[in-house]
Every structure is written in structure tokens, then in C-alpha cells.
Amino acid sequence: MEKARRALVVAALTLASCSGQMLPASTPTTEVTALRIYVTTPLIPLINTLTAAYSRVNSAVVFEVNTGNYEAMVDQVLLHDDAYLLTNYLPPEELGPMIALPIGQDGIAVIVHPANVVGNLTVARLRSIYQGWINNWAELGGADLPITVISREDGSGTRLVFENLVMGDRRTTTTAQIAPSSAAVVTSVARTPGAIGYVSMSYLNSSVYPLRIENVAPTLENVANNAYPLRALVYFAGLQEPETHFRNFIGWAQSPDGQAVIAQNYAPLLNEDVRPGGRRGGAPPPPPGGGGGGPPPKPPVDHGERSQRPRP
């Protein structure tokens, strides 16, 4: 992947068209524009809901959606100046001349098997698990059960976010099992009593249990309030500022109507409504994220890192 060294531009669109509800053209037309979007796998649920909702208010566009891991999708966008990337990972120092338009927040949930009694981890303990220094749940107050570390593949945006927020410059243990998608991580953890993995919170379901991190549950509210530590902004990014139909679509996603759609499964940019023109009452929060669900809250315990929850 070509890696030019230019500053990343983070912007919000100023769209008069976003000041009110967007309506279809008043007269029928046969002209339809296709918008090409490359989407990293954690955000597949988001692009599905966004495109479905937008199609109901603007029938003049159709969407050509391509999905894959972060590196593969970036490679494609760098080849097409009329396409945009939807991602929750975007390091300014590694990308080329891309403009980034934030639309929401995604949270990275750390998941275990539902039978696991450990309910909370500090970031330091989580890092030690993924480095291979903690190998048994008994070391964390759980059952005498080997820990099976599950990670995403190289090039995965979710892995890059996790490594940025948790691992820093430390390497994931070579004994980790590699899952090719977020759905595969959920499936592997659900089938393995000693497993631990990480996914976008939009992939949470009842087959796995999301841990509290630093005694904060991974919920939409906690991500929107910047309380949950593992979070990342969600961006549309491309080689040039969007025009015409793409501009309208991304501007709608930043508008109150679009933010309401995003907030169904991810966190909006801020708790308050996003105002047209990108003035949200403040800058977007530092490393944010989003995603729904999460465990019921449990009170902190004195031994912190070894916080447990009742067996299901």
C-alpha cells in the first residue's frame, strides 16, 4: 500500500440541504447515480442501515458497497478518486492525501464465553493477556481454565484499533488464534469456554459476554459519554472532498436525521444532536467508538482487576 506522508484533514460538510428533511425529487426521473463505498468489516452493519435509510429519502442514488479488511479497502480507495472508505481506523501518519469526515463512534468490546465468571479487566491486564503473560483465568479470579486468545488478522481495522488503544508497541502473542472477520471472532468465543476476543460492539449478541474495561461497561451511552476507554471515531474518507450526491449523503449522515440512524447500533458524534454545517458544540472526542448492548452494570469491587460476575 502506498503510504504518502501528508496530514490528514478532518472536516465536516457545510450543507444547506441538511438543514431540513431530504425529500425525493418532485418529478420522476430515470437518472440514478451509483455511489461506490469501501467498508471495513466492523462497519458492515452501519453501512447497511445508513444506505437503507438514505434510499428512502433519496431515490436518485444506488450504492455499490464493497467490504473487506482495512488494508484491502484503503488500497482500493487510493485507486479510485470517486470512491469513499468507511472505517473506524485512520492514522494520519500512515495515509496519503485523504480527507476524513467523522460521522459517529465505534467501541471495541472485549468478549468472553458466557460461562466465564470474570466480569472486568483493566487495560493493563488485557494487554498482559494478549502478550501471553497471563495464561489462565484463575490468575484473574476465574476458573482454572487456560485462556485462548483470539485476534483478528493482519490488516484488520479492528485489530489496528485494538493494538493502538491496548497494545501500543507490544506484540500480540504468537499463540493467538486468528479469526478472519468480526463474526468469526464471536463464533469462536461462543464455542470456546476459555476464549477471549474483541469486536466492534455492533456485533454483540447473547452468545458471548462483553467484559467491563476499567469497570465501565461497553454500552452506547458509555461510548457517547467518552467513559468507555476502547473507542474510535468512524469516518468516511476519500482522496477529495465529496461533491454532489456523495456530499449530500455524507452531509445527511452528519445531520440529526443521519445521527439518529447511526445511534441505533453505534454512538453518535456527540450526545447532543449534530447541527447542520458540522458545528457540534465542540470538537469530536479523542479516541472514541460506539456499539450497542453490553452487560448489565455491576458495582466495582475492592480487588478491581479480578472483578467477577455471577455465573449465568
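The legends below describe close-up views of a predicted model.

**Figure 1. Overview of the predicted protein chain.** The protein has 312 residues, of which 54% count as buried. Its secondary structure comes to 8 helices and 12 strands. Of the contacts between residues at least 6 apart in sequence, 80% join residues at least 24 apart.

**Figure 2. The second largest pocket and its lining.** This pocket has a volume of about 210 Å³. Its lining is made up of 15 residues, and Leu35, Asp82, Glu243, Thr244 and Phe246 lie nearest the centre. Two elements, strand 2 (33–40) and helix 7 (244–254), each supply at least two lining residues. Strand 2 gives the most, with 4 residues. By class, the lining of the second largest pocket holds 5 nonpolar, 4 polar and 6 charged residues.

**Figure 3. Thr244 in helix 7.** Thr244 belongs to helix 7 and is among the residues nearest the centre of the second largest pocket. Its relative accessible area is 60%, so Thr244 counts as exposed; the cut-off for this class is over 50%. The phi angle of Thr244 is positive, near 40 degrees, although the residue is not a glycine. Most residues other than glycine have a negative phi.

**Figure 4. The aromatic pair Tyr54 and Trp252.** The whole structure contains 11 aromatic pairs. In the pair shown here, the ring centres of Tyr54 and Trp252 are 5.2 Å apart and the planes stand at 55 degrees, so the pair is tilted. The pair links distant parts of the chain, since Tyr54 is in helix 1 (residues 44–57) and Trp252 is in helix 7, 198 residues apart. Both Tyr54 and Trp252 are buried. The two residues also belong to one aromatic cluster, together with Phe63, Phe236 and Phe249.

**Figure 5. Val61 in strand 3.** Val61 lies in strand 3 (residues 61–68). With a relative accessible area of 5%, Val61 is buried. Apart from residues up to four places away in sequence, Val61 touches Val32, Thr33, Leu35, Tyr54 and His245. One of these, Leu35, is also among the residues nearest the centre of the second largest pocket. Another, Tyr54, is part of the aromatic cluster. Val61 and Thr51 are separated by 10 residues in sequence and by 9.6 Å in space, C-alpha to C-alpha.

**Figure 6. Surroundings of Asn88.** Asn88 is found in the loop between strand 4 (83–87) and strand 5 (99–112). Its relative accessible area is 3%, so Asn88 is buried. The side chain of Asn88 makes a polar contact of 2.9 Å with the side chain of Asp106. Beyond neighbours within four places in sequence, Asn88 is in contact with residues including Thr40, Pro42, Leu43, Ile108, Gly157 and Val161. Ala232, Leu233 and Val234 are also among its contacts.

Figure 7. Of the 11 residues of helix 4 (residues 157–167), 9 are buried, so the helix is largely enclosed by the rest of the structure. The buried residues are Gly157, Thr158, Arg159, Leu160, Val161, Phe162, Leu165, Val166 and Met167. Gly157 and Val161 are among the contacts of Asn88. At the N-terminal end, Ser156 caps the helix, with a side-chain oxygen 3.2 Å from the backbone nitrogen of Thr158. Just after helix 4, Gly168 has a positive phi of about 60 degrees.

**Figure 8. Ser182 in helix 5.** Ser182 lies in helix 5 (residues 182–191). Its relative accessibility is 1%, so Ser182 counts as buried. A polar contact of 3.4 Å joins the side chains of Ser182 and Arg152. Not counting residues up to four places away in sequence, Ser182 touches Thr41, Pro42, Arg152, Thr158, Val199 and Tyr203. Among these, Thr158 is one of the buried residues of helix 4, and Pro42 is also in contact with Asn88.

**Figure 9. Glu214 in a loop.** Glu214 sits in the loop between strand 11 (212–213) and helix 6 (220–224). Although Glu214 is not a glycine, its phi is positive, at about 55 degrees. Glu214 counts as partly exposed because its relative accessibility is 40%.

Key. Residues are numbered from 1 along each chain as its sequence is written. This is a predicted model: local features need pLDDT of at least 70, side-chain atom pairs count only at pLDDT 80 or more; totals for chains, interfaces and linings use all residues. Side-chain values use heavy atoms; hydrogens and water are left out. On a 1 Å grid over the protein atoms alone, a cavity is a set of points where a 1.4 Å probe fits but cannot get out, and a pocket is an open set with protein on both sides within 12 Å along at least five of seven lines; lining residues have an atom within 4 Å of a point. Grid points are joined across faces, edges and corners, and a volume is the space filled by probe spheres set on the points. Ala, Val, Leu, Ile, Met, Phe, Trp, Tyr, Cys and Pro count as nonpolar, Asp, Glu, Lys and Arg as charged, and the others, Gly among them, as polar. Rings of Phe, Tyr and Trp (its six-membered ring) pair if their centres lie within 6.5 Å; planes under 30 degrees apart count as stacked, over 60 as edge-to-face and the rest as tilted. Buried means under 20% relative accessible area, exposed over 50%, partly exposed in between (1.4 Å probe, protein chains only). Contact means heavy atoms within 4.5 Å. A polar contact is a pair of N or O atoms within 3.5 Å; within protein, one must be able to donate a hydrogen and the other to accept it, and residues adjacent in sequence count only if both atoms are side-chain atoms.
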